[in-house]
Amino acid sequence: MMNKTNWKIYFFVIAGISLMLSCAQKPSSIEGKIIDEDGNPLAGAAVFSVPQRYSTLSDTLGNYKIEGIESGQYSLLAKLGDDSTLVNIGFIEAGIKIQKDIEIKLAPPPPPPAVEKKPTPKPKPKKEQDFVDPIYAGGTKVLLLADKDFISKFEIESSDGLAWELRKVRTSDTQFGKARLYEGYFPGPSSKYYDTAARRCIYDNKLWIFTQGPEEAPENGREVYISVPLGLPANADIDSIVAVYGFPKFPSDAAEGSVRFRMVGETISGDIPILIDWQKVEHNSNGRFYHESIPTLGDNRKISYITLEINSDGDTVWDSFLIRPMVYFSLK
């Protein structure tokens, strides 16, 4: 028969065993927050235990809680859309609470689909206005033989019998600064513009007839004849003829060589007066222009044609000769 002391010991032993059994059977829990890399809460993230016995969703504040977890080895998988993070929790003993925040690294959103842009139509180039030479500003009655009204009337021949035909093009580059070939030209056998019998050119803000000798001159050289019908009315008298001629300014040193130039006329009665006799213009006169003024008397006041004769020595670049013939007239 137990005494009073033995009963007390027995009671405490039984109570301790009961308490231990109670704790061993009590399930555990895990809770925490689902956040992004910046610490912002992620709502609606799915949280799974691995092994997959338990699952839950994070609330609007990113909080999640999994309860009733039996003891064992666990990991947690947090998933939001296509992004996820797996964390190892380890062995969970019975009856404990674990606090675990889980960070999900979110992939940047894909770029918006490229919108196919229709190519912007190129603006139509503005129509170039015809260049007006300052010679016309004074209202004087004058024929500028470099004007566009004359180039289509040019009659081109050469000493080596080449056929020169007018080609109508608007512009092209030139080899000397602040100038450009302007409109229409009579090319030689070479396809390049440097073999040119006649062409309009803007230089020093004035219109000129541009000529250039061949790359390879014939044995006896090449003399080009540019005949220009004036087309003056019957009651017109020529007062004077002015010619400005020379080599344009080139950036480099002048090459050796020269170009010979002459101007003759033809009257209505068939006379052929020499207006400017042969002039030899050296290449080293680079950028220098010569001015000839011829007053007319008698039959020369009725000249119907003016012919420019240019004898090239065949040097390619420096035979870029410019001529500016002007015929001043008055009406009876």
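**Notebook: a walk through the strands**

I opened my notes at Asp204, which counts as partly exposed because its relative accessibility is 49%. I am looking at a predicted model, where local features need pLDDT of at least 70 and side-chain atom pairs count only at pLDDT 80 or more, while totals for chains, interfaces and linings use all residues. Residues are numbered from 1 along each chain as its sequence is written, and side-chain values use heavy atoms, leaving out hydrogens and water.

I found Asp204 in the loop between strand E12 (196–203) and strand E13 (206–212). Helices (H or I, at least four residues) and strands (E, at least two) are DSSP runs, numbered from the N terminus. Asp204 is not a glycine, yet its phi is positive, about 55°. Asn205 sits in the loop between E12 and E13 and also has a positive phi, near 60°, without being glycine. With a relative accessible area of 51%, Asn205 is exposed.

I then looked up Pro51, and found a cis peptide bond joining Val50 to it, with omega about 5°. Pro51 belongs to the loop between strand E2 (46–50) and strand E3 (55–57). I reminded myself that most residues other than glycine have a negative phi, and that most peptide bonds are trans.

**Entry: sheet and hairpin**

Which order do the five strands of the open sheet take? I read it as E10-E14-E19-E16-E17, with antiparallel pairing. Two strands pair if DSSP finds at least two bridges between them. At the edges are strand E10 (155–158) and strand E17 (274–282), each pairing on one side only. From one strand to the next the twist averages 15°; axes here are lines fitted to C-alpha atoms (for helices over the stretch in contact), and angles run from 0 to 180 degrees between N-to-C directions.

I zoomed in on strand E16 (residues 258–267) and strand E19 (residues 303–312), which run antiparallel and are joined by nine bridges. Arg260 has Asn311 in E19 as its bridge partner.

Next I turned to strand E5 (residues 72–80) and strand E6 (residues 83–92), an antiparallel pair with nine bridges. Leu76 stands opposite Val87 in E6. Two residues lie between the strands of this hairpin, and Gly81 takes a positive phi near 65°.

**Entry: salt bridges**

How many salt bridges are there? I noted nine, taking a salt bridge as a side-chain nitrogen of Lys or Arg within 4 Å of a carboxyl oxygen of Asp or Glu.

Asp237 and Arg301 form one, with their closest N and O atoms 3.5 Å apart. This pair links distant parts of the chain, 64 residues apart: Asp237 is in strand E15, and Arg301 is in the loop between strand E18 (289–295) and E19. Asp237 is buried at 10% relative accessibility, whereas Arg301 is partly exposed at 25%.

Glu309 and Arg262 meet in another, at 3.0 Å from N to O. Glu309 lies in strand E19 and Arg262 in strand E16, so this pair ties together parts 47 residues apart in sequence. Are these two buried or exposed? Glu309 is buried at 8%, and Arg262 is buried at 18%. I also noted one network, in which salt bridges that share partners join Asp237, Asp239, Arg301 and Lys302.

**Entry: the inside**

The largest nonpolar core has 54 residues, and Phe154, Ile226 and Ile306 touch the most other members. Such a core is a set of buried Ala, Val, Leu, Ile, Met, Phe, Trp, Tyr and Cys residues joined through side-chain atoms within 4.5 Å. E15 gives this core its largest share, seven residues. Another core, of 17 residues, lies apart from it, and includes Leu76 and Val87.

I followed Phe154 and, leaving out residues up to four places away in sequence, found that it touches Leu145, Phe186, Ala198, Ile209, Ile226, Ser227 and Val228. Contact means heavy atoms within 4.5 Å.

My last stop was Ala243, in strand E15 (residues 236–246). Ala243 counts as buried because its relative accessibility is 0%. Beyond its neighbours within four places in sequence, its contacts include Met263, Ile276 and Tyr290. Arg324 is 81 residues away from Ala243 along the chain, yet their C-alpha atoms are separated by 5.5 Å.

How values were computed:
Buried means under 20% relative accessible area, exposed over 50%, partly exposed in between (1.4 Å probe, protein chains only).
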